[in-house]
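Subject: Structure for your review

Dear colleague,

Please find below the structure that I am handing over to you. My findings follow it.

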Amino acid sequence: MATNSPEVTDLPELRVVGVQLEAPFDELRHRVPVAWQAVLGRAVELPDPGATGYVEASQHLGGGRYRETVGVLAGADTAVPVGMTAVVLPARRWARLVHDGPLPEVAESFGRLHDWCAQQGLAYGDLKLDTGYTADGTGPHVLHVDVPGTSA
């Protein structure tokens, strides 16, 4: 269940360091948990996820394919562990919603956020960001979808 109303916010450039995969949508439910296991198994090699928890960045590549990066937010000077990658999300405007419910319902909250964007006349882009993952699976998630072309 979402605990607040959606809103539009600006975020600075963000860098996610972790495990990356590309797959068709129907494979994500199997492949993303494997990527999470890899990240959590190598957590000591990553910066402390302290403030935001672990994150998942998603980019729709077209044709039903997605690039998922699961890991942590990290500064530009953070070394990327062998076998991991870094992805940079440009500074931009995002629609945001807090999801404070079961993990399997995150997809429904993203759907709610997409619906809200449509109701507001906001075209959303191909990027999603989900912050707030924890090693034990508890806590709220802050969901973001990019809304390019909007102004303050």
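At 25% relative accessibility, Arg92 counts as partly exposed; here buried means under 20% relative accessible area, exposed over 50%, and partly exposed in between, with a 1.4 Å probe and protein chains only. The model is a predicted one, in which local features need pLDDT of at least 70 and side-chain atom pairs count only at pLDDT 80 or more, while totals for chains, interfaces and linings use all residues. Residues are numbered from 1 along each chain as its sequence is written, and side-chain values use heavy atoms, with hydrogens and water left out.

Arg92 is placed in strand E6; helices (H or I, at least four residues) and strands (E, at least two) are DSSP runs numbered from the N terminus. Between the C-alpha atoms of Arg92 and Leu129, which are 37 residues apart along the chain, the separation is 12 Å.

Arg92 also takes part in a salt bridge with Asp146, with the closest N and O atoms 2.7 Å apart. A salt bridge is a side-chain nitrogen of Lys or Arg within 4 Å of a carboxyl oxygen of Asp or Glu. Because Arg92 lies in strand E6 and Asp146 in strand E8 (residues 141-146), the pair ties together parts that are 54 residues apart in sequence. Asp146 is buried, its relative accessible area being 2%.

- Arg96 pairs with Glu7, the closest N and O atoms being 2.4 Å apart. Arg96 lies in strand E6 (residues 92-99) and Glu7 in strand E1 (residues 7-11), so this pair ties together parts that are 89 residues apart in sequence. Arg96 is partly exposed at 23% relative accessible area, and Glu7 is partly exposed at 33%.
- Arg31 and Glu27 form a salt bridge at 3.7 Å, N to O. Both belong to helix H1, where they are 4 residues apart, a separation of about one helical turn. Arg31 has a relative accessible area of 35% and is partly exposed; Glu27 is partly exposed, with a value of 35%.

The largest pocket

The largest pocket holds about 850 Å³ of space. On a 1 Å grid over the protein atoms alone, a pocket is an open set of points where a 1.4 Å probe fits, with protein on both sides within 12 Å along at least five of seven lines, and lining residues have an atom within 4 Å of a point. Grid points are joined across faces, edges and corners, and the volume is the space filled by probe spheres set on the points.

The lining of this pocket comprises 28 residues, and those nearest its centre are Val32, Glu56, Glu68, Val106 and Tyr133. At least two lining residues come from each of helix H1 (25-41), strand E3 (54-62), strand E4 (65-73), helix H2 (106-120) and strand E7 (127-133). H1 gives the most, with 9 residues. By class, the lining has 14 nonpolar, 8 polar and 6 charged residues.

Glu56

Glu56 belongs to strand E3. Glu56 is buried yet has no salt bridge, and the nearest side chain of opposite charge, Lys128, is 9.0 Å away. The side chains of Glu56 and Tyr133 are joined by a polar contact of 3.2 Å, a polar contact being a pair of N or O atoms within 3.5 Å; within protein, one must be able to donate a hydrogen and the other to accept it, and residues adjacent in sequence count only if both atoms are side-chain atoms.

Terms used:
Ala, Val, Leu, Ile, Met, Phe, Trp, Tyr, Cys and Pro count as nonpolar, Asp, Glu, Lys and Arg as charged, and the others, Gly among them, as polar. Lys and Arg count as positive and Asp and Glu as negative; His and the chain ends are not counted.
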